There are 2 protein chains.
Amino acid sequence: MKNYLEKVQNHMMALIKELGDDHILRLFKSIESGKMVRSRLLKLIAENETSDLISLSSIIELIHLASLLHDDVIDNSDTRRGKPSINATYGSKVSIMLGDIFYSKAFSELGKFDYEIVSRVAGSVTKLSLGEIVDVRLSEHFNHDENIYLNMIYNKTASLIETASAVGAILSNKDVETYSKYGYHLGMAFQIVDDILDIVASSEELGKPAMSDFVEGKTTIPYIKLWHWLDNNGKRYLESLHKKHLTPDDYNWLLKNLEESGGIRQAKDLAKFHSKSAINLVKDSPELIEIAEKLLSRGF
Amino acid sequence: MKNYLEKVQNHMMALIKELGDDHILRLFKSIESGKMVRSRLLKLIAENETSDLISLSSIIELIHLASLLHDDVIDNSDTRRGKPSINATYGSKVSIMLGDIFYSKAFSELGKFDYEIVSRVAGSVTKLSLGEIVDVRLSEHFNHDENIYLNMIYNKTASLIETASAVGAILSNKDVETYSKYGYHLGMAFQIVDDILDIVASSEELGKPAMSDFVEGKTTIPYIKLWHWLDNNGKRYLESLHKKHLTPDDYNWLLKNLEESGGIRQAKDLAKFHSKSAINLVKDSPELIEIAEKLLSRGF
């Protein structure tokens with residue numbers, strides 16, 4: 001796998017070199033490559049290492065990278081993959097435009113493939129942008145609608161993972177629906193686990209203060225579950241903490257109630273449901289099962 | 001033409017409606033449609049009004065709109081097409097993500113076309129993003145390299161106009177090279193005229209203070225010509241005004257020297273050269289000639 005991921009990195013680099021701009025190439029090189037989950041999935045599902053596979057992996061990684069560059073501006077993030085973000089180092093202008101360059105270069109490459117692949121990949125970029133804009137909108141007020149939240153994380157996080165899996169199946173003539181669903185469940189589990197870690201992991205593990213999501217206005221599953229469990233006074237109190245700087249007392253009140261209400265447990269159950277649903281779809285692939293299992297063991 | 005542009009607007013609206021998000025649709029409707037120069041060119045060159053033509057016009061307008069949304073964030077622009085910009089009204093987060101949604105929706109549609117069209121359109125999106133990032137980079141210091149500047153405005157402004165013209169020719173089996181060049185010259189003339197107007201037009205005509213480009217760090221052709229004309233002391237003085245708030249004295253010094261040095265005249269000559277080169281390529285089309293002529297009459 002390591003060898004494959006290196007080939008994808010090299011292909012991405014070759015695409016960026018085609019732009020003929022040394023400054024852009026240096027910026028690209030300065031970005032950590034991350035775990036390349038989407039490329040791993042593509043390879044594990046497609047199996048045969050073809051030039052089409054490497055090309056599509058590179059396209060999807062460039063799209064993911066572009067979305068992270070724009071996310072960092074949206075969220076004012078200073079760090080990304082343990083290094084200062086492009087946004088923090090070079091400013092939001094460079095982040096936005098570099099993201100646009102990666103998107104458009106990815107789309108140029110994508111145009112070489114059949115329409116089924118093009119429409120799936122481009123469609124998931126629309127979804128992830130839509131997810132991000134809804135994420136921003138939901139953060140303005142305390143959102144307590146679970147379905148709206150789940151639809152948002154599907155668009156923002158799960159759709160590109162779903163697409164990577166589907167594309168892997170298309171390339172190897174496997175059942176697209178099955179692998180698409182596998183990617184969907186994996187993506188949902190991934191985001192819900194991430195949401196739980198923001199509450200239960202320590203600041204050191206997170207590299208940022210715990211409950212940052214809530215301070216930024218994001219009411220993830222545990223907060224939504226807690227809201228519904230509280231009485232009217234409790235609901236008002238919870239809403240009064242939304243988007244505020246949290247004192248140690250606020251933090252302790254939240255943690256205690258997120259546990260007592262069963263909010264955290266229910267979010268864990270939902271993550272487990274998605275992880276198990278993913279596993280049930282790929283019973284014959286130990287590697288794909290392992291990815292879904294490892295996800296859950298990150299936090300609990 | 002008016003009828004055609006309405007059809008393009010309606011098709012763009014239909015594409016946005018497919019997203020199924022009322023909020024996005026309202027944002028789209030709130031944006032002024034502008035002059036739709038790229039669609040006019042496409043129609044004038046392609047002539048026959050086919051569904052492919054309407055679709056490609058919509059794609060190119062969506063791409064243009066997306067680039068403006070990102071430009072407004074980059075340039076901190078408060079107004080666009082005479083109305084408050086999305087950036088000013090809804091904030092930069094919404095501008096960035098709405099731009100991404102328009103880009104990706106345009107690319108989804110684009111995937112239905114042949115690779116020659118896909119690669120031209122996607123390639124020009126890469127160019128315009130690259131142009132914008134170089135524009136930001138050049139603004140950091142006083143750039144006095146004319147070739148670098150011209151290459152930047154080719155990428156940022158002319159490339160999409162060039163592509164719109166080329167696509168029109170492809171759809172109607174005309175000579176792609178000829179119309180591609182026509183679009184290139186038109187785009188270059190357009191940007192250079194815009195640069196001159198920023199200096200010679202009144203604040204009322206511009207809707208912003210004159211010489212905003214220079215205050216933002218952009219050294220357009222007249223400033224570059226002036227720099228080369230000045231002696232060493234003059235060069236240092238000109239550089240000392242760069243990116244500064246301009247007093248009335250500074251403004252008068254600049255205007256006087258931009259005229260005396262011949263900087264403005266030389267920029268006008270360059271715009272005329274591009275306009276005439278465009279006209280020479282389309283001698284049999286009065287409408288295409290008129291577009292190139294009107295460009296010049298905007299400012300002088």
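At what angle do the axes of helix 6 of chain A and helix 4 of chain B cross, and within what distance do they come? In this predicted model, local features require pLDDT of at least 70 and side-chain atom pairs pLDDT 80 or more, whereas totals for chains, interfaces and linings use all residues. Residues are numbered from 1 along each chain as its sequence is written, and chains are lettered from A in the order in which they are written.

The axes (lines fitted to C-alpha atoms over the stretch in contact, with angles from 0 to 180 degrees between N-to-C directions) of helix 6 (residues 92-110) of chain A and helix 4 (residues 51-74) of chain B come within 9 Å and cross at roughly 160°. Helices are DSSP runs of H or I of at least four residues, numbered from the N terminus. Helix 6 of chain A and helix 4 of chain B are therefore roughly antiparallel (angle over 145 degrees) to each other. A:Lys93, A:Ile96, A:Met97 and A:Asp100 meet B:His70, B:Val73 and B:Ile74, residues being in contact if their C-beta atoms, placed from the backbone, lie within 7 Å.

Across the whole contact, chain A and chain B each contribute 33 residues. On the side of chain B that touches chain A, helix 7 of chain B gives the most, with 13 residues.

Chain B is superposed on chain A by a rotation of 180° with 0.0 Å of shift along its axis (RMSD 0.0 Å), fitted by least squares on C-alpha atoms of residues with pLDDT of at least 70 in both copies. The two copies are thus related as by a two-fold rotation axis. In chain B, the C-alpha of B:Gly111 lies nearest the axis, 3.0 Å from it.

Methods. Helices (H or I, at least four residues) and strands (E, at least two) are DSSP runs, numbered from the N terminus. Angles under 35 degrees count as roughly parallel, over 145 as roughly antiparallel, 65 to 115 as roughly perpendicular and the rest as oblique. Two residues are in contact if their C-beta atoms, placed from the backbone, lie within 7 Å.
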